[in-house]
There are 2 protein chains.
Amino acid sequence: MASERLQDAVDSLKSTKVRMTPQRHAILEFLFETMTHPTADEIYKALEGKFPNMSVATVYNNLRVFKEVGIVKELSYGDSSSRFDSVTNSHYHIICNDCGKIVDFHYPALDEVETLAEHVTNFQVQSHRMEIYGTCPECMSKQSIAHD
Amino acid sequence: MASERLQDAVDSLKSTKVRMTPQRHAILEFLFETMTHPTADEIYKALEGKFPNMSVATVYNNLRVFKEVGIVKELSYGDSSSRFDSVTNSHYHIICNDCGKIVDFHYPALDEVETLAEHVTNFQVQSHRMEIYGTCPECMSKQSIAHD
DNA sequence: AACTAAATTATAAGAATTATAATGTAGTAA
DNA sequence: TTACTACATTATAATTCTTATAATTTAGTT
């Protein structure tokens, strides 16, 4: 659940020298609860009831910290301002063309592609799949040995 | 080749009421020749030798026109300013879950995902595939009739 | 050659984000 | 608990990217 992921995020922040302030916690909480991908300003407005004196800079500063620690991802769609999303476990697969091995590859969902496809084709998009193909490190070293 | 695609672009512009000015042509030419995805400012700087009096606004104006006609695509990666790319023929497919219809969906190649996957997994990436699934407009209207 | 709508230019304005400096506070350790 | 110190927050100014405006120029047509 969101609350567990939030706790994990708080823990991973504490393991570094990042301090837990009320504002910081509230921003995190909001990011993990919301299903949307809010802009910095939307986060700011959502929390100004709780923190009337909070500065927009605080939101930006914290989002940068969260990005550095890897618990938040910045997404830029076409529009003017960036959107922020707590990193989920969504992932894709990368598949070895030689041995068939499948490795998980974590990457935020390609929402932008879905949105654009929806607009361009007038389909009602439900899902997408993406796979990456290549040669795994083991098969690469086997190849180089065989060539020796 | 780039020159053919450029000519196509010029033709498709002429077929509308868009006039062909030297600045406009130079911006187009630059976009079709370069392999990079330049920012508006990079285009401006690249052409200020040829057009010392050109305004940045001209670059932005033209990029908007090109986008509207569909010969240029705006890409926003994480960084501050948008990048622009002449539209190539690379495309993906969107597939209807009801009737199986496949429609081409033009979108610049997801190079960023490949690059990231390569770094994270140490695979040597060769290719990727992506498909989008949804309901086509025809099947959607059939559904809404059936529900009446 | 003249006309007109569109394009360019220079500049100002707007919006998003970052930098700065002063003040406040979390976490630690005496 | 108190005091300390490095990190955070705040308020504001500054920057950067992009768009709007108004005057001037020009492409394409008659």
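Predicted model: local features only at pLDDT ≥ 70, side-chain atom pairs only at ≥ 80, totals over all residues.
1. Helices and strands are taken here as DSSP runs, numbered from the N terminus, a helix needing at least four residues and a strand at least two.

2. Leaving aside residues up to four places away in sequence, Leu110(A) touches His128(A) and Met130(A). Its C-alpha atom lies 9.9 Å from that of Ser127(A), a residue 17 residues apart from Leu110(A) in sequence.

3. The sheet is built from both chains: six strands form an open sheet in the order S4(A)-S3(A)-S5(A)-S5(B)-S3(B)-S4(B), and the pairing is mixed. Strand S4 (102–106) of chain A and strand S4 (102–106) of chain B stand at the edges with a single partner strand each, so one side of each is left without a neighbour in the sheet. Neighbouring strands of this sheet are turned by 30° against each other on average, direction ignored.

4. Within chain A, strand S3 (residues 91–96) and S4(A) pair in the antiparallel sense over five bridges, and in this pairing His93(A) stands opposite Asp104(A) in S4(A).

5. Helix H5 (residues 111–121) of chain A packs on the sheet, where it touches S5 (124–135) of chain A together with S3 (91–96), S4 and S5 (124–135) of chain B, and its direction makes about 125° with that of S5(A). Helix H5 (residues 111–121) of chain B likewise packs on the sheet, touching S3, S4 and S5 of chain A together with S5 of chain B, with a direction at about 125° to that of S5(B).

6. Met140(A) has its place in helix H6 (residues 137–146) of chain A, and it counts as partly exposed because it has 16 C-beta neighbours inside 10 Å. Not counting residues up to four places away in sequence, Met140(A) touches Thr135(A) and, from the other chain, Gln124(B). The C-alpha atoms of Met140(A) and Asp98(A) are separated by 9.1 Å, although the two are 42 residues apart along the chain.

7. Around DNA strand D there are 27 residues, of which Thr21(A), Met54(A), Thr58(A), Met20(B) and Ser82(B) come nearest. The residues of this surface divide into ten nonpolar, twelve polar and five charged, and H4(A) gives the most, with four residues.

Note on methods: Residues numbered from 1 in each chain as written. Chains lettered and ligands numbered in written order. Pairing = 2+ DSSP bridges. Axes fitted to C-alpha atoms, helices over the stretch in contact; angles between N-to-C directions. Contact = placed C-beta atoms within 7 Å. Near = placed C-beta within 6 Å. Nonpolar A, V, L, I, M, F, W, Y, C, P; charged D, E, K, R; others polar. Buried ≥ 20, exposed ≤ 12 C-beta atoms within 10 Å, placed from the backbone.
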